[in-house]
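Hi,

Here's the structure I promised to send over.

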Amino acid sequence: MSVRSTPAERAAALRRLIEHHNERYFELDAPEIPDADYDALVRELRKIEAEHPDLITPDSPTQRVGGAAVTQLFSPVRHRIPMMSLDNAFSDEELLAWADRLARLLPDVDLERLDFMCEPKVDGVAMSLTYVDGMLSRAATRGDGVTGEDVTANVRTIRDVPHRLARPAPHHLEVRGEVYMATAAFAELNARAAAEGTKSFANPRNAAAGSLRQKDPAVTASRPLSFWAYQIGEIDGAVPEAAGDGEWPPASQSAALALLCAAGLPVSPDAGKVLGVSAAFTRCRELEHRRHDLPYEIDGVVVKVDDLVLHARLGATSRAPRWAIAFKFPPEDRTTTLLDIMVSIGRTGRATPFAVLEPVFVGGSTVRLATLHNEDQVRLKDVRPGDLVVVHKAGDVIPEVVGPVLGPDPATRPPAWSFPSACPSCGGPLTRLPGESDTYCTNIDCPAQRVQRIVHFASRAAMDIEGLGEERVLQLVEAGLVSDPADLYVLGADRLEALERMGSVSSGKLVAAIEASKSQPLSRLLVALGIRHVGPTVARALAIQLGTLGALRHATAEELAGVAGVGSVIADSVIEFFSNPRNVAVVDRLVALGLRLDEPSAPVVGDGAAAPTPPELPQTLAGKSVVVTGTLEGFTREEAEAAILARGGKSPGTVSNKTFAVVVGESPGASKISKAEALAVPTVEGSRFATLLDTGEIPG
């Protein structure tokens, strides 16, 4: 709440804002902000109204459901039983608060011995289907909960919706459910739009809503819509004897779903009954962890008391039933302010722009920084410091700025951001090579590069020195204790103890971890040295084939290129590395300091004898095409491709409908990701590349 506004003023402002977003979402199918931000506005208004009940108005968005029906396009339909919304829980504490309310309302019921239904909360359009004598009579949207839109002609085109029920049912049966678009179908729809040069949809929910609100049912028929039934709304009239004695009306939510399924209406296979409120909460977490494995988008789980008799006892508020709650997952898209765009310098000198954000909770954690990939991506997204931007983070994926949320007057936007011409660390020139998307600092003595080279040396894929992350390395470099990796091995605990936040215990552990890294095999050392194109797979092949560091240093380009998976490009890179006097000086110091210089069980090459060929790797990717985009930790592009080929796979440069998977590293190509999404090709996080290589399967 603004410090200058009174509760009444803030409540009025929130109502106007929520009404605006209701119109954009429910009536125009063009939301401006993520659902999580909309929920935050509603929660703020609810809080004000709870603290100041005199401010509640009958037309407040908190007292109503959804948005108004668009009667200009479709005839209004009045629901005989209102289609209510659901209360939301955004945390375990709020789930427990709901359980506490149930316990107070049902003092004679043990909640741990009560059945609950847990159903995925599909992100689609709520729909009411009315069947009369088993025939589909009418389909209507929820609208404001009381009045919806008659979309019968359009819904008849959805294959999942039966025109005639498969078994006898009551004379008048209202079924409630969700019209949605599966993720694969959504990708196909946008791929078709791209091919035809027409506008694509932002997400499956918008695609489903827009497809339903077409004047021509033929257009709706061309859209791949689906339907899940999740509730019986109303039963009226006699129940045919053929329907089965005792089945109608159902006594529970689970029985209702079973009847709907038997009648030919699709029911989510991921909906299920559990015993006890604790088990219901556990099921919520299970579905949260599986959300990206489902073939449709969900943003939460609806938990319902299974016994319909208890539904009547519990009743409802003005807008939501007390017997159900929607547990909402952490949002994966949020808006926040882009405070600044800065540039980081990597160990190779690559300059990568990143966003500095007003902290925002998204994807299960608080995000303050997000990648912007490269200069072209910043220009394409047209994000500027001061903009309100959408930030996306799903699971362990690196947070990304999706784009700006533009206000009504573009002229008021901040000026466009320009890529700097000088390195923010050393002041040297930043250079972009012709035909490249990346920009580099060409000063090899750049402090930022020095820090990142040492960070890479100590990383898990290299020497694996615990406790030596970027912050600690920066501290060591700034203190003048370390300038190259060899300096790490002469650090003493007494010198470290003098540093801030480094007591005797911490310094002792770090010195011990550095000393222990001396026993890492040759292949780890080769990775740690940062030789261009030499990642874990190539390093292992070189170490096994040549045996020792000495043999590697004195090998010819022809001998190196003869190693399986190496080739002339990598061979030339190794020769170039050991031809650089600065590199040789560091390596000589490492040798003198006692680092291990061989590979376990590796044949040693000497006297011109040919070493045996490394054993063939399991052909886990036989016949599968895997496309790599972006930078993978521990692999160059050539090494990643070599690793795929070594396991029987193919590594083409483009994505097609024959692609098995796209591996997405840091600073990926936007076109490859877009094409993968359009063709419904699975994507694999760069951190899971090794799992893909080992198993040949898409990591779960």
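In what order do the 4 strands of the open sheet come? Going across, the order is 5-4-7-8, with antiparallel pairing. Strand 5 (135-141) and strand 8 (226-236) each have a single partner strand, so these two are the edges and one side of each has no neighbour in the sheet. From one strand to the next, the twist averages 25 degrees. Bear in mind that this is a predicted model.

Helix 6 (residues 204-212) lies across strand 4 and strand 7 (172-180), at about 45 degrees to strand 4. Helix 8 (residues 253-262) also packs on the sheet, where it touches strand 7 and strand 8, and its direction makes about 110 degrees with that of strand 8.

The other part I looked at is strand 10. This strand (residues 298-305) is mostly covered, with 8 of its 8 residues buried. Strand 10 pairs with strand 3 (residues 115-122) in the antiparallel sense over 6 bridges, and Glu119 stands opposite Val302 of strand 10 there. Strand 10 also pairs with strand 11 (residues 324-328), again antiparallel, through 5 bridges. In that pairing, Gly300 has Lys328 in strand 11 as its bridge partner.

Cheers

Notes: Residues numbered from 1 in each chain as written. Predicted model: local features only at pLDDT ≥ 70, side-chain atom pairs only at ≥ 80, totals over all residues. Heavy atoms only, no water. Buried < 20%, exposed > 50% of the residue type's maximum accessible area, 1.4 Å probe, protein only. Pairing = 2+ DSSP bridges. Axes fitted to C-alpha atoms, helices over the stretch in contact; angles between N-to-C directions. Contact = heavy atoms within 4.5 Å.
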